Amino acid sequence: MAVEDDHVLISLTGITKEFPGVKALENVSLDVRKGEVLALVGENGAGKSTLIKILSGLYHKDNGEIRVRGKSVEIQDARHAQELGISTIFQEPTLAPHLTAVENVYLGREIYHSYFGGTVKILNEKEMYQETEKLYRNFFSTVEDLKRPVIELGALKNRVIEIAKALSVKASVVIMDEPTAALAEHEREVLFDFIRALKEQGVSVIYVSHHLKELFLLADRFHVMRDGKHIATVSADETDIDQLVSMMVGREISNFIAKETVPIGEESLRVIGLNQPGVLKNINFHIKKGEIVGIAGLAGSGRTETVRAVVGADRISSGAVEVDGKPFRIQSPRDAIRAGIGLLPENRKLHGALIEMSVSNNITLASIKRVLSKKFVLKKKAELDIASDYVQRLGIKTPTVHQKVRFLSGGNQQKVILAKWLFTKPKVLIFDEPTIGIDVGAKVEVYNLMAEFVRGGGGILMVSSDLPELMGLSDRIYVMHKGEFVHEFSRDEATEENIMYYASGGHQ
Amino acid sequence: MENKGLETVYRENNFRFSLKIDRYLLGLFIVLGAIIVVMSFLSANFLTHTNLLNVLQQASFVMILAFGMTFVLSTGGIDLSVGSICGICGGMAAWLLNKDVNVAIAIAAALLLGVIIGAVNGLTITKLNLSPFMATLAMMIILRGILYVWTGAIPFRSYMTSSFQFLGSGRIFGVQFPVIVAIVLLVVLLILYRKMKFGRHILALGSSEEAVRISGIKVDMLRIKVYALSGLIAAAAGVLLASRLATVNPEMGKGYELEAIAAAIIGGTALTGGKGTLVGTALGAIILFMIKNAMNLKNVNPYWETIVIGFIILLAVAVPILAGYIKGRVKNS
Ligand SMILES: Nc1ncnc2c1ncn2[C@@H]1O[C@H](COP(=O)(O)OP(=O)(O)OP(=O)(O)O)[C@@H](O)[C@H]1O
Ligand SMILES: [Mg+2]
C-alpha cells in the first residue's frame, strides 16, 4: 500500500468496528485513487455502510488508520469529514422533513449577506435558491418544488435533493451509498453523467450498489467485502459479474431465474375500469391462481399508482375490484388485507418496518393471529421458530431474532419487511420493486419464496424496473405508458426490446 | 412553469422571506378581532386606550418568555424552568441593587445568571442525555427551592432606584416599557429565527437531528445555545418583573412556564419541533391575556380562567389537526 503515492487520496488500513454482538468491520483496508470510481460491493450486512459512515464521521472506528492525502487523521464528525473533502449520500433518508429543498441543500453551509463588518450575517436566500435551482434543473426541468417542505414530496424527489446536496459540496471524494435505489431511469442517467464529469475533474467516487450491471458502466475498480472483511480488490477490466458474485457470497449461486411451471387455476383478482383523474386511465387486468403477473413501464408511468389504487391506498374516481369472482369494496389497505390482498410497498422506509421493534415481532406483526393460541396468548415459541426460519432462508444478517430492526443494515431491513408480507400468506401478493437494495444471494431466495407462494395457489402481481427479473418470473406482462395499460405480453412474446417499445410509447 | 420567469420566483421567494402570513396566523388575527368586537359590546371599558395598553403590558412578560419557548419548542425540546429563572434572576437584580450595585451591572449580572442556568440545562440534556422535560423540570424545582432559601421566604424589597423603576413602569410615547421591550425583542428574534443561520439550524434540529448531524452542524452546541437563549430571555423578563412589582417574592414567575408554552402553542408552534412562528406566539400571548382581561371585566370567578384557558389550548392544538384531516379528505375524494 503505497501511501506516499500521490494518486492515492484516501487510504484505510486495518479498520475494525464492532457493535454489540456484531463485528461489522474486521481489519479492512482500502485505497481510493484520485479520479476513480471505486465500487464497494458485498452482501447485505457485509459492512459497506459502516465503512462509509466511518469515513463520513458518523461512526468512530475502533482500530486502524485513516490517511487522507498521506496524512493520518482521526475523523471526528460530519463537519470534519466535509472539511477533509468527503461528501456523502447515505443509504437512509437524511433530509430534515420540514425544511424546503433549498434549506436542506444548504443546511450547515448557508450563504450570507454580511453586515456591520461581518458581525451580523443574514441568510442570502436568493443566492441559495439560485444555486439549488441550477443543480436541480439538471435532474428535473421544472423547479416548482424547491420551496415546499420536502416531507410533501415523494421519496424519489427527496433522493434527488440529497444527491444535489452532496454534489453541491466542493469535495474531492463523493461517497454514494445506493444512490439509485429510488431513482427513475432518467435521473439515473443524469447521475451517471454527473459521476463521469466528477471523474474528469479528478474527483473520486466511492459507489455502493447491488446492481452489478449498473456498476460495470461506471466502476474502475471493485472492492469486494464479505462479513466485514475485505475479500479482494479487482480492476473492472479483469472481472465479470459471475466472479464478483462468487467473491461476494463465497459460494456458487445460480444467477439464472428458473421458472417453475405451476398449474394455473381460477381467477383470483380482477380489476375493472380503474380511473384516477390525470394519473390512471381505464385500467383492466386480472390474476389467476398460480400466476405471476408483471407490470412493466417507465418510472412515472403509473405502476406504483396502479398497485396503490388496487389496495385502496389512494382514492379512485371509478373502478371495481373482484376477488374470487365476487365484487369487493376496497377503500383502504385494511379492506384489502381483509379481502386477501397484500402490498409490499416500494417505499419501505415510510410504510414498512417498525424499526424500534425486534426482527421477530416485525415478521409476525401483520399476521399476529397465526401465532396466537386460544385467541389471545402469544405462542412465543411458534413466533420465534417462524422468524428464525425466514431469517435463515432470506439470509437476514442479525445476531438474534430479538435484535431491533433499527440496528440491521439497510438491505436486511428490507428483507424483514419482505418476510413479513410473505408470512401473511394472502390470496394475492403485490410486490412493488421486490428486490431493490437486496443482494444477489437473497434475490434468488426471494424468487424461490415467490415460486413457493404461487405453488400454493396464490397469485402475484409485481412491479419491477429490473426487466430481466420481470421477464424471468412473469407468466404475463402488462406494459404501462402514461397511466394506461397499453399492451399485454405472454411469457413467450416478451423481449426487452418489445417491452421498451410499448413502455416508451413507440406504438402511438 | 418555464415562462413564469425567474422574477416571479424570486418575488415569491422574497415574500416567504418577509413576514410569513400563513392561514393559521390569519386565523389568529381573526380570533383576536372577534374577541375585540364581542368584548367591545359587552363591556364599555374594554375598548379603551388604557385597557388595551394594560392587556399588552400584562401579556408582555409571558410573551417574552414565550419567545424563548418558541425557540426551544422548535428544536423539539421544552423548557419548564423559565418561570423559576425569571424569579431567581429578578431576585438577583433586586438583591444586587439592594446592595447598592450599579443598575447596569445588576442587570448584566441577572442576565448572565440566566444564560448560565440555561447553558446548564443544555449541558444536562446533551451530555447527561436527559430528556429536556426531566432536565428542565428538575431545574425548575431546584431554582425555586434556592429562591426560597435565599429570600428566607421574605420578599426582597427596597431596591428600587429611579432608573431601575423605568424598566417596569416607564413609558415611551405613552407605551409601557415592557411592551416596548417585547416589541423590540420580537423584531430581533424574528431576524434571528427566520433570517439567520441559528434559526434555520434550530428548525432543522426539530425536524430531524440526524439531518443536522450529517450536515456537519455541532448538534450539542446548538442545543446548549438554545437553552442559554431561553435562559437569557427568561432573565430579561425577570428583571422587568422585578422592576414592575417593586418586590421580589419567592413565588415570582411561578406557573409562567405553562402560560408561555400555552401562548406558543396557541400561536401555532408545534410541540414536536420543526415548526414555529414568533408572530403567532405574540398573538397567542395577547389572546391569552385578552381573555383573562375580558373575564376580569365581566367579574367572572378567576378560577374559571384556568378552565377556559385549558379549553383554548385544546382548541388550538385540535384546529390544525382537524384542518389537515379535512384537507386530506377533500384531496382524496
Ligand atoms: N448501529 C448499529 N448497531 C448494531 N449493529 C449494527 C449497527 N450498524 C450496523 N450494524 C451491523 O453491522 C453489520 C454491517 O452493516 P452495514 O450497514 O455496514 O451493512 P451493508 O454492507 O451496508 O449492508 P446493506 O447492503 O444491507 O446496506 C450488519 O450486521 C449490521 O446489522
Ligand atoms: Mg448499507
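1. Asn362(A) is buried, since its relative accessible area is 2% and the cut-off for buried is under 20%. The structure is a predicted model. Asn362(A) belongs to helix 12, which covers residues 359-365 of chain A. A polar atom of the Asn362(A) side chain lies 3.4 Å from the backbone oxygen of Met357(A).

2. Next comes the metal site. Which protein residues are donors of the magnesium ion (ligand 2)? They are Ser49(A), through OG, and Gln91(A), through OE1, at 1.9 to 2.1 Å from the ion. Ser49(A) sits in helix 1 (residues 48-55), while Gln91(A) sits in the loop between strand 6 (86-89) and helix 3 (101-105) of chain A, so the pair ties together parts that are 42 residues apart in sequence.

3. Ligand 1 is surrounded by 22 residues, and the closest are Lys48(A), Ser49(A), Thr50(A), Ser409(A) and Gly411(A). By class, the shell around ligand 1 holds 7 nonpolar, 11 polar and 4 charged residues.

4. Several side chains place a polar atom beside an oxygen atom of ligand 1. For Thr50(A) the distance is 2.5 Å. For Ser409(A), an N or O atom of the side chain is 2.6 Å from a ligand oxygen. For Gln91(A), the distance from a polar side-chain atom to an oxygen atom of ligand 1 is 2.9 Å. Taken alone, ligand 1 exposes 630 Å², and the protein buries 93% of that.

5. Gly228(A) is found in the loop between strand 11 (221-226) and strand 12 (229-235) of chain A. Its relative accessible area is 0%, so Gly228(A) is buried. Gly228(A) and Val28(A) are 200 residues apart in sequence, but their C-alpha atoms are 7.5 Å apart in space.

6. Two residues deserve a look at their backbone angles. Most residues other than glycine have a negative phi. Glu178(A) is not a glycine, yet its phi is positive, near 45°. Lys482(A), also not a glycine, has a positive phi of about 50°.

7. Where in chain A do these two residues lie? Glu178(A) is in the loop between strand 9 (173-177) and helix 6 (185-200). Lys482(A) is in the loop between strand 23 (476-481) and strand 24 (484-490). Glu178(A) counts as buried at 9% relative accessibility, whereas Lys482(A) is exposed, with a relative accessible area of 66%.

How values were computed: Residues numbered from 1 in each chain as written. Chains lettered and ligands numbered in written order. Predicted model: local features only at pLDDT ≥ 70, side-chain atom pairs only at ≥ 80, totals over all residues. Heavy atoms only, no water. Donors = N, O, S within 2.8 Å, 3.2 Å for Na, K, Ca; no water. Helix = DSSP H or I, 4+ residues; strand = E, 2+ residues; numbered from the N terminus. Near = heavy atom within 4 Å. Polar contact = N/O pair within 3.5 Å; in protein donor to acceptor, adjacent residues only side chain to side chain. Areas by Shrake-Rupley, 256 points an atom, 1.4 Å probe, with all protein chains shown as cover. Nonpolar A, V, L, I, M, F, W, Y, C, P; charged D, E, K, R; others polar. Buried < 20%, exposed > 50% of the residue type's maximum accessible area, 1.4 Å probe, protein only.
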